[in-house]
Amino acid sequence: MRQFLASLLVISAAGTAAANGRAPSTSTINFRQGHESDVWVGLTFGALVSHDSGATWYWTCEDAVGYAGTWDPDYAYSASGKVFATTFAGTVVNSNGCVFDRAPFAATPLFKDATSNKFATSEELGPNGELYVAVDEMTDGKIYKSVDDGATFPTGNGPGMSGDWWQTLIVAKSNPNRVYASGYRFVPDPSGEAGNIEQYTLFRSDNGGTSYVPLSQTGIQFSSDSVLEFAGVSTTNPDVVFLRVTFAAGVIGDTIYRSGDGGANWTKVLDKGDAVGAFVVRANGDVVAGTPRSGAFVSHDCTAAATCTWSALLSPPHTNCFVENALGEIWACTQNFGSPGSPGDGYGIMKTTDLANWTSVLKYQDIKGPIACDAGSVQNQKCTIQQWCGVKGQIGITADPTMCPVTMADGQGADSGITQIKKPTGCCDTGGNRGVAPGAVMLSMIAGVTLLRRRRR
């Protein structure tokens with residue numbers, strides 16, 4: 001996996017929350033299909049769950065999900081309450097709120113045995129609960145589909161081949177048979193000079209993943225550092241699809257392309273010289289795009305016209321993801337902590353209905369605690385006992401359900417043997433809504449804005 005970390009100087013990786021060299025950040029927001037008071041949120045330091053529309057949040061660590069480092073899983077939250085995640089060992093599922101397990105998949109073509117690494121790179125839920133999972137070249141590079149809530153995955157019929165890596169999957173809400181997939185593969189350099197070169201792939205299925213056709217890339221400008229990602233589809237017209245091209249000119253800056261004919265032709269509609277990681281096509285037809293540094297923008301004609309007219313939003317938060325729920329609320333991944341020269345937003349998630357007024361949903365310091373699970377579970381052993389107190393201290397979380405022991409000079413808890421991270425002076429006094437990150441976390445943010453590019457090997 002290749003991660004693009006732009007303008008980042010990692011001075012220290014001390015502690016749990018910053019152990020992978022990234023500042024605390026919200027990566028993804030996932031509503032439970034048909035039960036949107038249940039929300040699963042991906043973070044750079046694990047994940048959170050809320051069962052009351054974001055009023056209270058509980059934490060799980062990377063170990064409990066089954067991944068590590070700078071990987072950000074794709075999550076899918078099905079109507080039954082199952083949470084699926086893409087990991088290095090394939091797709092895992094949490095059915096009881098505590099344990100992520102891949103056992104239900106072991107006998108399927110997707111996972112032929114219980115020990116081999118099968119890298120699941122992307123997944124997506126269709127409007128009727130269909131679950132698509134893409135795997136990389138270590139398996140067969142295909143896209144698999146389950147219609148029984150992840151119990152079985154019949155043999156994949158995707159366009160994959162050895163050397164493929166799938167970046168994004170997206171299913172049209174207006175037509176569950178329309179599936180878009182983007183990725184790349186390594187092929188021999190025709191000149192024989194570079195060994196293998198990276199070739200981008202765009203595909204579309206019109207029959208629910210039974211077969212795929214390649215899409216045109218004519219007119220799309222990208223660099224050797226780019227990633228091509230499907231960013232959104234019209235909620236009423238499956239032929240209107242949007243493509244995000246990262247690092248289009250080889251420097252920080254994403255471009256958005258629009259197709260009105262299912263990917264046969266592309267027109268560039270947005271280029272802001274910044275990451276456009278936040279992008280959503282609303283149920284009312286509006287298209288909203290957001291950036292971490294350069295504001296956010298709305299177009300009222302982008303789904304109906306070949307070209308888009310954009311208007312800047314007034315004082316939006318710093319964003320790197322947008323998701324709209326059934327109530328018409330846009331939830332945004334925002335900056336809980338600031339960086340040198342930027343106060344941040346004070347919250348890790350904010351929401352709006354009118355694009356003018358933003359309200360808080362998640363403040364990291366208000367996390368209630370780790371998810372309570374059985375004593376023998378990974379969640380309890382790894383997350384609660386070994387890591388919670390370190391995360392609590394670094395983030396500045398005020399709740400203390402585990403009564404974290406006093407930090408001793410040697411870094412050991414006074415009464416439980418829990419490894420502790422000694423708080424630097426002023427660690428957790430963030431003050432107000434627009435604070436700065438605690439000291440230990442700030443060490444990984446010194447160089448300024450970090451742009452995280454997901455799911456590249």
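**Figure 1. Cysteine pairing across the predicted model.** Numbering the bonded cysteines of the chain in sequence order, the pairing reads 1-8, 2-7, 3-4, 5-6, 9-10. That gives a count of five disulfides in what is, please keep in mind, a predicted model. Three of these bonds get a close-up of their own in the legends below.

**Figure 2. The whole chain, for orientation.** Before zooming in, here is the setting. The chain has 457 residues, and buried ones make up 57% of them. Its secondary structure consists of three helices and 30 strands. Take the contacts between residues at least 6 apart in sequence: 50% of them join residues at least 24 apart. The chain exposes about 17,500 Å², and carbon and sulfur atoms supply 52% of that area.

**Figure 3. The disulfide between Cys98 and Cys373.** The two sulfur atoms of Cys98 and Cys373 sit 2.0 Å from each other. This bond ties together distant parts of the chain, with 275 residues separating the partners. Cys98 belongs to the loop between strand S8 (90-94) and strand S9 (100-101), while Cys373 belongs to the loop between strand S29 (369-370) and H2. Buried or exposed, what are Cys98 and Cys373? Both are buried. If you like to check handedness, the torsion about the S-S bond of Cys98 and Cys373 is about -95 degrees, so this disulfide is left-handed.

**Figure 4. Strand S26 and its covered faces.** Strand S26 spans residues 330-334, and five of the five are buried, so the strand is largely enclosed by the rest of the structure. In a regular strand, side chains alternate between the two faces of the sheet. Which residues of S26 lie on each side? Ile330, Ala332 and Thr334 are on one side, Trp331 and Cys333 are on the other, and all of these are buried. Both faces of S26 are therefore covered.

**Figure 5. The partners of S26 in the sheet.** Two strands pair with S26 in this view: S25 and S27. S25 and S26 make a hairpin with five residues between them. In the turn, look for Gly328, whose phi is positive at about 80 degrees. Strand S27 (residues 349-352) is also antiparallel to S26, and four bridges join them. Here the bridge partner of Trp331 is Lys351 in S27.

Figure 6. Cys321 and Cys333 are joined by a disulfide with an S to S distance of 1.9 Å. Cys321 is in strand S25 and Cys333 is in strand S26, 12 residues apart. The torsion about the S-S bond of Cys321 and Cys333 is about 70 degrees, so this disulfide is right-handed. With a relative accessible area of 8%, Cys321 is buried. Cys333 is buried too, with a relative accessible area of 1%.

**Figure 7. Helix H2 and its kink.** Helix H2 covers residues 378-395, 18 residues in total, yet its end C-alpha atoms are only 22 Å apart. A straight helix at 1.5 Å a residue would reach 26 Å. Where is the kink in H2 centred? It is centred on Gln387 and amounts to about 60 degrees. Of the 18 residues of H2, 13 are buried, so the helix is largely enclosed by the rest of the structure.

Figure 8. The sulfur atoms of Cys389 and Cys404 lie 2.1 Å apart and form a disulfide. Cys389 is in helix H2, whereas Cys404 is in the loop between H2 and helix H3 (439-442), 15 residues away. The torsion about the S-S bond of Cys389 and Cys404 is about -95 degrees, so this disulfide is left-handed. Cys389 counts as buried, at 7% relative accessibility.

**Figure 9. Two loop residues with positive phi.** Ser53 has a positive phi of about 60 degrees although it is not a glycine. Ser53 sits in the loop between strand S4 (46-50) and strand S5 (58-60), and is partly exposed, with a relative accessible area of 38%. Asp149, also not a glycine, has a positive phi of about 60 degrees. Asp149 lies in the loop between strand S12 (143-146) and strand S13 (164-171). Its relative accessible area is 21%, so Asp149 is partly exposed, given that buried means under 20%.

How values were computed. Residues numbered from 1 in each chain as written. Heavy atoms only, no water. Buried < 20%, exposed > 50% of the residue type's maximum accessible area, 1.4 Å probe, protein only. Expected span 1.5 Å × (residues − 1). Bend = angle between axes of the 7 residues up to and from the residue. Pairing = 2+ DSSP bridges. Contact = heavy atoms within 4.5 Å. Areas by Shrake-Rupley, 256 points an atom, 1.4 Å probe, with all protein chains shown as cover. Disulfide = S-S within 2.5 Å.
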